Amino acid sequence: MKKAIFLVLILAVAAFAAKGRGYGGFVLSYMMPDLSKLSSEFTAHGLPAVDDDIVTYGGGGWGGTNLIVGGWGFGGGRRFDSDSVSVRMIYGGGFFEPGYFINIWKGFGIKPALGIGGTSVSLKLRPKLGDIDFGDLLDDPGRTSEVNYGTFTVAPNLSILIPIEFIAIELKGGYMWSPFEGEWSLEDGADLRLGPEINPSGIFASAGLLFGGGSK
């Protein structure tokens with residue numbers, strides 16, 4: 001995820017340096033994926049329920065004149081504990097995002113765009129066994145497991161850009177849609193059977209603090 005965020009920031013700076021306007025910066029998002037089946041699995045095994053709303057952090061950028069190209073990435077996590085196991089859930093995604101900027105007045109404008117990419121859920125699980133010596137861990141490292149669920153996702157959205165000198169505030173709202181069911185896999189790449197279906201489809205909203213500028 002960090003690599004994806006770094007990449008889109010580079011793309012934005014390159015576009016800004018070439019021609020037109022360009023921005024890149026940090027994004028705070030509110031996501032509402034459907035995690036009800038995962039939540040049912042959690043509660044059936046003594047873990048707390050999973051809410052269908054997640055606050056994520058990330059970054060993104062875009063550049064161009066009217067036709068623009070950009071991208072953004074995000075990630076956010078929560079921890080769930082039962083009497084015997086601790087689970088760290090990370091929800092994230094990354095998108096390539098073409099769009100069209102409509103300049104209303106001196107850089108203030110709206111931007112319809114379409115994010116094309118994917119979303120994922122990662123679960124890092126470990127039993128509650130207490131502290132352990134480093135040598136014992138090397139002798140028997142089988143104390144943690146990591147499983148991942150990924151799926152193709154598109155995210156049509158509409159943004160409002162509010163420029164303030166060399167920074168801008170971008171407010172975005174949209175809908176994430178995953179037309180295909182994803183797959184669970186273990187950290188080593190092996191398939192994980194009978195995993196709960198996760199549907200990241202749902203509305204989202206974000207606020208970004210971006211740096212850059214360009215033609216008015």
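Reply: In this predicted model, glutamate 97 forms a salt bridge with lysine 172, and their closest N and O atoms are 3.2 Å apart. The pair links distant parts of the chain, since glutamate 97 belongs to strand β4 and lysine 172 to strand β8 (residues 167–176), 75 residues apart.

Me: What is the general idea behind such a pair?

Reply: Side chains of opposite charge can pair when their charged atoms come close. A search of the whole structure finds five salt bridges.

Me: Are glutamate 97 and lysine 172 buried or exposed?

Reply: A residue counts as buried when its relative accessible area is under 20%. Glutamate 97 has 5%, so it is buried, and lysine 172, at 8%, is buried too.

Me: Which residue forms a salt bridge with lysine 111?

Reply: The partner is glutamate 170, with the closest N and O atoms 3.6 Å apart. Because lysine 111 lies in strand β6 (residues 108–127) and glutamate 170 in strand β8, the pair ties together parts that are 59 residues apart in sequence. Both lysine 111 and glutamate 170 are buried. Moreover, Glu97, Lys111, Glu170 and Lys172 are linked in a network of salt bridges.

Me: How is arginine 79 placed, buried or exposed?

Reply: Arginine 79 counts as exposed, at 52% relative accessibility. Arginine 79 forms a salt bridge with aspartate 81, at 3.2 Å between the closest N and O atoms, and aspartate 81 is partly exposed at 30%.

Me: Which side chains make polar contacts with that of serine 86?

Reply: The side chain of serine 86 makes a polar contact with that of arginine 79 (3.3 Å), and another, of 2.7 Å, with that of aspartate 81. Serine 86 lies in strand β4 (residues 85–100) and is buried, with a relative accessible area of 5%.

Definitions and conventions: Residues are numbered from 1 along each chain as its sequence is written. This is a predicted model: local features need pLDDT of at least 70, side-chain atom pairs count only at pLDDT 80 or more; totals for chains, interfaces and linings use all residues. Side-chain values use heavy atoms; hydrogens and water are left out. Helices (H or I, at least four residues) and strands (E, at least two) are DSSP runs, numbered from the N terminus. Buried means under 20% relative accessible area, exposed over 50%, partly exposed in between (1.4 Å probe, protein chains only). A polar contact is a pair of N or O atoms within 3.5 Å; within protein, one must be able to donate a hydrogen and the other to accept it, and residues adjacent in sequence count only if both atoms are side-chain atoms. A salt bridge is a side-chain nitrogen of Lys or Arg within 4 Å of a carboxyl oxygen of Asp or Glu.
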